[in-house]
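Hi there,

Here is the structure I promised to pass on. Could you have a look at it when you get a moment, with my notes alongside?

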Amino acid sequence: MQAQLLHSFTSAYKTLFPGGCPACGGKIEGRGSVVARLCAACFGSVRPVSEKHCAVCEKPLEFDYEIETGQTYTCGECRLNPPIYDELRHALVYEGAVRELIHKFKYQGASGLARILAKLGECKIVPWLAGYSGAVMIPVPLHRSKLLSRGYNPPYLLALRFARMAGLKVVEGSLRRIRNTRPQFGLKADERIKNVKGAFKVLNRNDIKGRTVIVFDDVYTTGATMDACCKAIKKAKPERILVSALCRAGAD
Ligand SMILES: [Zn+2]
Ligand SMILES: [Zn+2]
């Protein structure tokens, strides 16, 4: 998969585009990336997640067990304390140009960057999503007041693009953020859990009951937000819950 992703990035690096780099604002010299129209330095900083990872939570492994044996491996944490979801998948490491693009996408009103970000993540996320035909994607919702001030929900815009490519449906409005939580950024792991506890509620159980549900976020950090979403969704009795994010912070 790693080689495939790198090949996909490299083969896309072909066409000249005018204009500045959307990540660093610098001039694009010579050939820019056809995928994302990034400058060479920013494009070079885009890193797919490790191929060696836990089959459940996708945490990178510190040794070559999976590669050497050809078998999947579940990390000790997932075996001792299985997560509420069946599987987590993400595409990119939250660093370099991806970090810059996400920041502009989430906090500076650059909703159009959804196209570029989706392009960078599609070769990993879309084939995985397409394997769950009939599943519904539920983007992590914003509280209504934040949605009004920001004007759009970043995970929703990304989920729409991935769902379209994978032939899935996005269900919006079934999961509601009923409490306007503090931003998770800067909080310790236990504070993050406390901050989002009970913050989500399912409003329409019929969208979820008996279905495969894929909860989707832009950035996965400690998983506190995802867990809170999954707990609310589980009450509506889905067949199974999967979790996906475009990128993972602190992945390796
Ligand atoms: Zn750049
Ligand atoms: Zn794991």
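First, some housekeeping. This is a predicted model, so local features need pLDDT of at least 70 and side-chain atom pairs count only at pLDDT 80 or more, while totals for chains, interfaces and linings use all residues. Residues are numbered from 1 along each chain as its sequence is written, and chains are lettered from A and ligands numbered from 1 in the order in which they are written.

**Confidence**

The protein chain has an average pLDDT (the predictor's confidence in each residue, from 0 to 100) of 86, and 85% of the residues score at least 70. By element, the lowest mean belongs to helix α1 (residues 2–11) at 48, and the highest to strand β2 (residues 136–139) at 98. Over residues 6–18 pLDDT stays under 50, and the model has 19 contacts beyond four places in sequence for that stretch; a contact here means that the C-beta atoms of two residues, placed from the backbone, lie within 7 Å. Where pLDDT is low, the predicted coordinates should not be read in detail.

**Overall make-up**

The chain's secondary structure comes to ten helices and seven strands. These are DSSP runs numbered from the N terminus, with helices being H or I of at least four residues and strands E of at least two. Of the 252 residues, 40% count as buried. The cut-offs are 20 or more other C-beta atoms within 10 Å of a residue's own for buried, 12 or fewer for exposed, and partly exposed in between, with C-beta atoms placed from the backbone. Among contacts with a separation of 6 or more, 68% are between residues 24 or more positions apart.

**The sheet**

Five strands form an open sheet in the order β1-β7-β6-β2-β3, with parallel pairing. Strands count as paired if DSSP finds at least two bridges between them. At the edges are β1 (87–93) and β3 (169–170), each pairing on one side only. Helix α5 (residues 96–107) packs on this sheet, touching β1, β6 and β7, and its direction makes about 105° with that of β6. Such angles run from 0 to 180 degrees between N-to-C directions, and axes are lines fitted to C-alpha atoms, for helices over the stretch in contact.

Strand β6 (residues 212–220) is joined to β7 (residues 240–248) by eight bridges; V213 stands opposite I241, and I214 opposite L242. With β2, β6 pairs in the parallel sense over four bridges, and P139 stands opposite F216 there. Eight of the nine residues of β6 are buried.

**The core**

The largest nonpolar core has 66 residues, of which L117, V215, C229, I233 and C247 touch the most other members. Helix α6 (residues 113–130) supplies the largest share of this core, nine residues. By nonpolar core I mean a set of buried Ala, Val, Leu, Ile, Met, Phe, Trp, Tyr and Cys residues joined through C-beta atoms within 7 Å. Beyond four places in sequence, V215 is in contact with I138, V140, M226, C229, C230, I233, I241 and V243.

**Helix packing**

Helix α10 (residues 224–234) lies across β6 and β7, running at about 160° to β6. Helix α9 (residues 189–196) packs against α10 at about 35°, with the axes 8 Å apart. There, R192, I193 and V196 of α9 meet A224, T225 and A228 of α10. The axes of α5 and α6 come within 10 Å and cross at roughly 145°. That contact is made by V98, L101, K104 and F105 of α5 and L113, A114, I116, L117 and L120 of α6.

**Loop residues**

E58 has a phi of about 65° and sits in the loop between α2 and α3; E58 counts as buried because it has 21 C-beta neighbours inside 10 Å. K237 has a phi near 60° and lies in the loop between α10 and β7; K237 counts as exposed because it has 12 such neighbours.

A55 is also in the loop between α2 (40–44) and α3 (65–69). A55 touches T72, Y73 and T74, and its C-alpha is 5.4 Å from that of T74, 19 residues apart in sequence.

Best wishes
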